[in-house]
Amino acid sequence: MVIGIDLDGVIIDTEILYRTEAELYDINELKQNSLVDKSEVLTSKRYKWNKKDLEKFYEMEKDFARNATLISGAKKVIEMIKADGHKLILISARGNHDNEMKDIGMESLKKYDINLDKYYIGVNDKLSICKMENVDVMIDDNYDNCKNLSEGKIFTLYFKDGGMKDLEDSKYLKNVYNFGEIYREIKFYEKNMKIE
């Protein structure tokens, strides 16, 4: 099978780190409580920060990306998926506005010795890449991406952590919360649920 996998929030734990740093920035740096919607992934929608405060936070983004750690279980399960004979393709929006962020993402993969078969980084339209690459299963943590992919008939694993928007399990979408569940769903899909 061909399996697509996102980088941030799936392989590298940037999403929780960003949200943690945003909370600390709001409370300690800005001395306010401007949280609007904690289910929003985008900082610009999560808080009611002015443009200057938002830009100052984004200046720190590269340091956060460099310091992000590997998601628990990611390396082990990625290696198991590859050992099972599946092709793994990185399909990430990382760096779609900043080439240095792309480089930092690739450095993180190298740092943690994560080797995939193909890399698409800086991608806005994941559905088109999935269709072009004949992806059987896509693993992503972004609500909008997962909704779009599953509606586009790509079997999608919505890798969630606390507070994220909900999507209901369906024929083309399963909610997963750790890499053990990701591996289970891939094995189950491979054996029983190939969608016509």
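This is a predicted model: local features need pLDDT of at least 70, side-chain atom pairs count only at pLDDT 80 or more; totals for chains, interfaces and linings use all residues.

**Charged pairs and ring pairs**

I began with Asp 63, which counts as partly exposed at 45% relative accessibility (buried means under 20% relative accessible area, exposed over 50%, partly exposed in between, with a 1.4 Å probe and protein chains only). Residues are numbered from 1 along each chain as its sequence is written, and side-chain values use heavy atoms, with hydrogens and water left out.

**Entry: salt bridges.** What does Asp 63 form a salt bridge with? I found Arg 66, with the closest N and O atoms 3.8 Å apart (a salt bridge is a side-chain nitrogen of Lys or Arg within 4 Å of a carboxyl oxygen of Asp or Glu). Arg 66 is partly exposed too, with a relative accessible area of 37%. Both residues sit in helix H4 (residues 61-67), 3 residues apart, which is about one turn of the helix. Helices (H or I, at least four residues) and strands (E, at least two) are DSSP runs, numbered from the N terminus. I also saw that Asp 63 and Arg 66 belong to a network of salt bridges with Lys 62, Asp 98 and Glu 100.

I then counted salt bridges in the whole structure and got 18. One of them joins Asp 8 and Arg 94, whose closest N and O atoms are 2.6 Å apart. Asp 8 is in the loop between strand S1 (2-5) and helix H1 (14-29), and Arg 94 is in the loop between strand S2 (87-92) and helix H6 (99-111), so this pair ties together parts that are 86 residues apart in sequence. Buried or exposed? Asp 8 and Arg 94 are both buried.

Next I looked at Asp 140 and Lys 126, a salt bridge with its closest N and O atoms 2.6 Å apart. Asp 140 lies in strand S4 (residues 137-140) and Lys 126 in helix H7 (residues 126-132), so parts 14 residues apart in sequence get tied together. Asp 140 is buried at 0% relative accessible area, and Lys 126 is buried at 4%.

**Entry: rings.** How many aromatic pairs are there? My search of the whole structure gave 9. Rings of Phe, Tyr and Trp (its six-membered ring) pair if their centres lie within 6.5 Å; planes under 30 degrees apart count as stacked, over 60 as edge-to-face and the rest as tilted. Phe 155 and Tyr 189 have ring centres 4.7 Å apart and planes at 15°, so I wrote them down as stacked. Phe 155 is in strand S5 (residues 155-159) and Tyr 189 in helix H9 (residues 179-192), so the pair ties together parts 34 residues apart in sequence. Phe 155 is buried at 2% relative accessible area, and Tyr 189 counts as buried at 5%.

Phe 159 and Phe 179 make an edge-to-face pair, 5.5 Å centre to centre with 75° between the planes. Phe 159 is in strand S5 and Phe 179 in helix H9, so this pair links parts 20 residues apart in sequence.

**Entry: the whole protein.** I listed 9 helices and 6 strands. Of the 196 residues, 47% count as buried.
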